[in-house]
Amino acid sequence: MRLKVMVLCCVMSACSIPATAQMKPAAAAKPAAPHHQVVSVKPAKALDDLLSLYEHEVVGVAKAMPADKYSFAPSSSTFAAGSPEKFDGVRSFGAQVTHIAEANYYFYSAVSGMKADVDMAALDKMTKDQNVSKDNALKVLMSSLAFAHKAIATITRANAFLPIKPIDGQNTRASLAAFGVAHGYDHYGQMVEYLRINGIVPPGSK
């Protein structure tokens, strides 16, 4: 009898070894890694990327126009006789560039609360000059874009959508920062047409 009990205990012990071995991998198994992880992007990064894309486009067309064409503006003589165009009083190419710069300072100073780092009265006068030089126009454009990047860097998750004094219908820092880029693209489109009228292929279309 004692022998039978000993044999039975040995058999049961032997049977439990593979069972334990089979259970160990399952117990040690780690949960499968997710196929993707959602990474939150900071508002300043998303908006700055938008501005950078626009900056690349607008600086490209501003540099593409020859210096002697910066005073060009479409007129009746640009088109065939009888065309229904109306271009009286439109900005010259150079004035388009300086207008964008002035608007950048206007919008992004409101976004950040920072004071513009240029003489705004002098810039306004430059914007009204249909014969502004290419060098001066490019200089103020680049400065305004640098200012815009600094302003966007002040946008946080905490303040991105807090109410601010409305400007052109935009009443948050995030929406105004995006609107500044949208406004610039309006004038970018006009500048592209000025290039094409003068037989120049815009950089973005090459």
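Asp168 lies in the loop between E1 and E2, where helices (H or I, at least four residues) and strands (E, at least two) are DSSP runs numbered from the N terminus. The model is a predicted one, in which local features need pLDDT of at least 70 and side-chain atom pairs count only at pLDDT 80 or more, while totals for chains, interfaces and linings use all residues. Residues are numbered from 1 along each chain as its sequence is written, and side-chain values use heavy atoms, with hydrogens and water left out.

**Confidence**

- The average pLDDT (the predictor's confidence in each residue, from 0 to 100) is 86 for the protein, and 83% of the residues score at least 70.

- Strand E1 (residues 163-167) and strand E2 (residues 170-172) run antiparallel and are joined by 2 bridges; two strands pair if DSSP finds at least two bridges between them.
- Ile167 has Gln170 of E2 as its bridge partner.
- With 2 residues between them, E1 and E2 form a hairpin.
- Back to Asp168: this residue is not a glycine, yet has a positive phi of about 50°.

**H3 with H4**

- Helix H3 (residues 93-112) packs against helix H4 (residues 120-127) at an angle of about 150°, with the axes 8 Å apart. Axes are lines fitted to C-alpha atoms, for helices over the stretch in contact, and angles run from 0 to 180 degrees between N-to-C directions.
- H3 is therefore roughly antiparallel to H4, on a scale where angles under 35 degrees count as roughly parallel, over 145 as roughly antiparallel, 65 to 115 as roughly perpendicular and the rest as oblique.
- H3 and H4 cross in a left-handed way; a crossing is left-handed if the near helix is turned anticlockwise from the far one by less than a right angle, and right-handed if clockwise.
- H3 brings Ala95, Thr98, His99, Ala101, Glu102 and Tyr105 to the contact, and H4 brings Met120, Leu123, Asp124, Met126 and Thr127.
- These residues comprise 6 nonpolar, 3 polar and 2 charged, with Ala, Val, Leu, Ile, Met, Phe, Trp, Tyr, Cys and Pro counted as nonpolar, Asp, Glu, Lys and Arg as charged, and the others, Gly among them, as polar.

**H3 with H2**

- The axes of helix H2 (residues 43-64) and H3 cross at roughly 155° and come within 11 Å, so H2 is roughly antiparallel to H3.
- The crossing of H2 and H3 is left-handed.
- Leu51, Tyr54, Val58, Val61 and Ala62 of H2 meet Phe93, Val97, Ile100 and Tyr108 of H3, a contact with 9 nonpolar, no polar and no charged residues.

**H3 with H6**

- H3 and helix H6 (residues 173-197) have axes that come within 9 Å and cross at roughly 175°, so these two helices are roughly antiparallel.
- The contact of H3 with H6 has 15 nonpolar, 7 polar and 1 charged residues.

How values were computed:
Contact = heavy atoms within 4.5 Å.
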